[in-house]
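Colleague: Could you pick one part of this model and take me through it closely? I'd like the packing first, then whatever else you can say.

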Amino acid sequence: MNNVLGTGALSLGFVAAIAATGWWILGVRHAKLRPRARRLTVAMAVSAAIACGVLVYALVTHDFSVRYVAENGGRAVPLYYTVISLWAALEGSLLLWLLVLSGYAVLVMRHVHPRAAVLHPWAMAVICGVAVFFFGLALFAGNAFQPVSPVPADGPGPNPLLQDHPLMGVHPPLLYLGYVGLTVPFAYAVAALITGRTGRGWLVATRRWTLAAWTFLTAGIMLGGWWSYEVLGWGGYWAWDPVENASILPWFTTTALLHSVMVQERRATLRVWNLSLAASTFLLVILGTFLTRSGVVASVHAFSQSAIGPALLGFFTVVLVGVLALLVWRSERLGPVDRLEAGVSREAVFLGNNVILVGLAVTVLIGTVFPLLVEAVNGDRLSVGAPYFDRMVIPLALVMLILMGVGPMVPWGVGDPRALGRRLAVPAALGLLTVAALGMSGLDGVAPLLTIGIGVFVLATIADRVVTGWQATRTATGLPPLPALWRTLVRRRRLYGGLLTHVGLVLAAVAIGASSSYSVDGQQTLAIGESFSVGGYTATLDSITPERTDRKMTISAQVAIADGDDALGVYEPALSFYPAAAQAIGTPSVRTGLVEDAYLLLSSVDDDRTEATIRLIISPLVLWLWVSGGVMVTGAAVAAWPDRRRHEPDPVLVDAPPREEVRA
């Protein structure tokens, strides 16, 4: 029954998506047809929800006649991991994609921005057209509801790595909310090209959608790093895995888009750039989906090879050709109406920031795709590892950090270089003094010291920006200090939310620089009662304990950690043996501190369980990487919060008022 219900829901959704696409196109000229298009869009969303609900029900009730349940379900799997097995494998993840995409379609349908009302039907047609493709994938190329015969009595459960940490229930959905949400700015960009209305309308309509998708994507990436750190047992959080790279590529271009739209909001320029960024971001989403679901890369994040890979590659090609054709067709309407001022201006800094972000995306894309292209051409397997990415990415990232500090200090239009130099003198001096002090204290390494120094510079410029605005508000209003500070922050939420996001990026950069450069590592085989020391910490093996359940057999080591004479407690790294896994799965145990983490791994245990090989890694400032994610998400939420006074002039740096849009 679940097989029929699930396949029927997908079939209904596929038909509804095709019909909705057609009716939205017809509704461009005939507004009376749009209510029917809306009903079909809702039907599409309901179908996706039913398909997901049927598969979850099949998983929970252990209906092994459904192929997806037979391959990914198991009677011994806890209920939480059974439910989230919906997205633990290829076919189920497609259903989650459809659920999120159709949910976005309904939300976008219900919120029509008055400045983009003409674009709305076309944008909805594009979103529903994308849904047609993914419903087709889920129905024809990767149907989770195919029947199984004979019906097995039990299943292997999901990948053991995906049923060992609760973040598995949060990290993928957040990534999907970010990934799929980027369909919205793409849809409006295509609508702008189709209609020839390439001015500010589509940007205004999509700013909050883009910011929401960026926020979800940021949270998903950060939680993915945390999951990797807590589960995979290698002591790190980012390995430049191709599928990891696929998640950060659209993050780079979305960040660039969020900055460059602010230029076009004020000046009729960068039209081609912004439309291209919106389209490129969506193309990178499709490319990342291809890398994850085609089987072309080996990764804990990737799914097995299937017919979905060629279909995704074909869809990528169609979208690319279509966007290029639209850009060529509308080329006469994409020229700048306003000249972009050169020299010292916020526009110039934002453009430089965009160039760096796109450069980062291209660099990571080359390192990710080049081995696949070589293998496709001559069959040779190449590996592009961390040294390439570190060597290429770190210099660009440092330049981006510098521009983050300079940008808020310069006005729109043309600024005074000498005035800018005076404002940057103190932050620059603080950064240099920080580098000198850390160097004299014994820390080495050019990249981490520069990262910390530039981070101090950026934080100082942000503090200067806030203090200057606060003082201007006190002078203008006569309010006491705290009410004046609140008024300053509230009246310019978009500005100060963006600056808070910058604070989060600085924290992330410093945490990454410190933890990747100043970690110390040691490993030793210990008998019970023996100890060894790493980085001032002492680890003592107290005991070894086996435990068997219906799902797995676990051997844990009880290890006491001390920092000098201070006992920090007993931690339990473990090895778990699953029936469906060929190798043991290591589970680290982490003692998290404000300054550094003590990361314990159980590498092996002897047959008598009297000796164990323990690895201890001391990594500084890792906690602040996770904090930075929260700061960035909070800043983005503040920036997205509606601000009725957003057109009031900045009391410190008067922003040029938006010019009237000039249509070519």
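**A helix pair, and then some**

Modeller: α8 and α9 run roughly antiparallel to each other (an angle over 145 degrees). This is a predicted model, so local features need pLDDT of at least 70 and side-chain atom pairs 80 or more, while totals for chains, interfaces and linings use all residues. Numbering starts from 1 along each chain as its sequence is written, and side-chain values use heavy atoms, leaving out hydrogens and water.

Helix α8 covers residues 183-195 and helix α9 residues 201-231; their axes come within 9 Å and cross at roughly 170°. On the α8 side, V184, P185, Y188, A189 and A192 make the contact (heavy atoms within 4.5 Å). Facing them from α9 are W202, A205, T206, W209 and T210. Sort those contact residues by class and you get eight nonpolar, two polar and no charged ones.

Now helix α5, residues 90-110. Of its 21 residues, 17 are buried (under 20% relative accessible area), so the rest of the structure largely encloses α5. Its length works out too: at 1.5 Å a residue α5 should span 30 Å, and its end C-alpha atoms are 31 Å apart, which agrees.

As for the cysteines, the structure holds zero disulfides (sulfur pairs within 2.5 Å). C52 has its nearest cysteine sulfur, that of C128, 17 Å away, and for C128 that distance to C52 is too far for a bond. C52 counts as buried at 5% relative accessibility, and C128 is buried as well, at 0%.

How values were computed: Axes fitted to C-alpha atoms, helices over the stretch in contact; angles between N-to-C directions. Helix = DSSP H or I, 4+ residues; strand = E, 2+ residues; numbered from the N terminus. Parallel < 35°, antiparallel > 145°, perpendicular 65-115°, else oblique. Nonpolar A, V, L, I, M, F, W, Y, C, P; charged D, E, K, R; others polar. Buried < 20%, exposed > 50% of the residue type's maximum accessible area, 1.4 Å probe, protein only. Expected span 1.5 Å × (residues − 1).
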